[in-house]
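Here are my notes on the model. Please read them with the structure open.

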Amino acid sequence: MRVLIVEDEQALADALARGLRREGMAVDVAYDGDEGSEKVGVTRYDVVVLDRDLPGRSGDELCAEIVGGVTRVIMLTASGTLRDKVEGLALGADDYLPKPFDFPELVARLRALGRRATPAVPPVLRAADVVLDPAKRTVTRGGTTLELTRKEFGVLEVLMAARGAVVSSEELLERVWDENADPFTTTVRVTVMTLRKKLGEPGIIDTVVGSGYRVPAEAPAAV
């Protein structure tokens, strides 16, 4: 899941980013509304965590820019009255979380919003005998738990969520890593290689030459 945090309290924004990265999400950060608008303009995010009170372009203005596409918006604000919540949702936000909040609740809300992408993604992904649970951060094959790194898990999650469609290396880099990733790196290829080894035989990740990778809808089960 690719997430953008737009929050002018730098310490809070950085702490949220560190926590969400530990949850396996690719996270970018903007400290004002103008920077947030620039990032939204060049990257497709699954969810934007948006402070309503921002310097530069306000959170309300930025929310109006974002809504209408596949990106979901959750507003964070110190204004937690019912009227404020109604106003935030009326602007097009998908969810609203007043400060202070519990981090596990934010994670759960982000995952719920991520599942509301178009097309909707089920809470547990399955391909043959491979089962991936994003909330529990677990992957099993034939009932055996696999130990994956955060990036391996993220790549497998994106491929399985595509439901047989081909995902390019560029899209994997954008969805699983963050803006600091080198676009010319071989990290996607290397990660897919190590992931294949851990998944074992028969392989479930196909290489589509010149296009990318896919997990077929009818992937073979382990023997």
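**Sheet and helix packing**

1. V6 has A30 in β2 as its bridge partner. Helices (H or I, at least four residues) and strands (E, at least two) are DSSP runs, numbered from the N terminus.

2. The model is predicted: local features need pLDDT of at least 70, side-chain atom pairs count only at pLDDT 80 or more, and totals for chains, interfaces and linings use all residues. Residues are numbered from 1 along each chain as its sequence is written, and side-chain values use heavy atoms, with hydrogens and water left out.

3. Strand β1 (residues 2-6) runs parallel to β2, and five bridges join them. Two strands count as paired if DSSP finds at least two bridges between them.

4. The open sheet has five strands in the order β2-β1-β3-β4-β5, with parallel pairing. β2 (26-30) and β5 (95-98) are the edge strands, and each pairs on one side only. On average, neighbouring strands of this sheet are turned by 20° against each other, direction ignored. Axes are lines fitted to C-alpha atoms, for helices over the stretch in contact; angles run from 0 to 180 degrees between N-to-C directions.

5. Helix α1 (residues 10-22) lies across β1, β2 and β4 (72-77). α1 runs at about 170° to β2. Contact means heavy atoms within 4.5 Å.

6. How do α6 and α8 pack? Helix α6 (residues 150-161) meets helix α8 (residues 187-199) at an angle of about 85°, with the axes 10 Å apart. The two are therefore roughly perpendicular to each other (65 to 115 degrees). From α6, K151, E152, V155 and L156 take part; from α8, T191, V192, T194, L195, K198 and L199.

Key:
Parallel < 35°, antiparallel > 145°, perpendicular 65-115°, else oblique.
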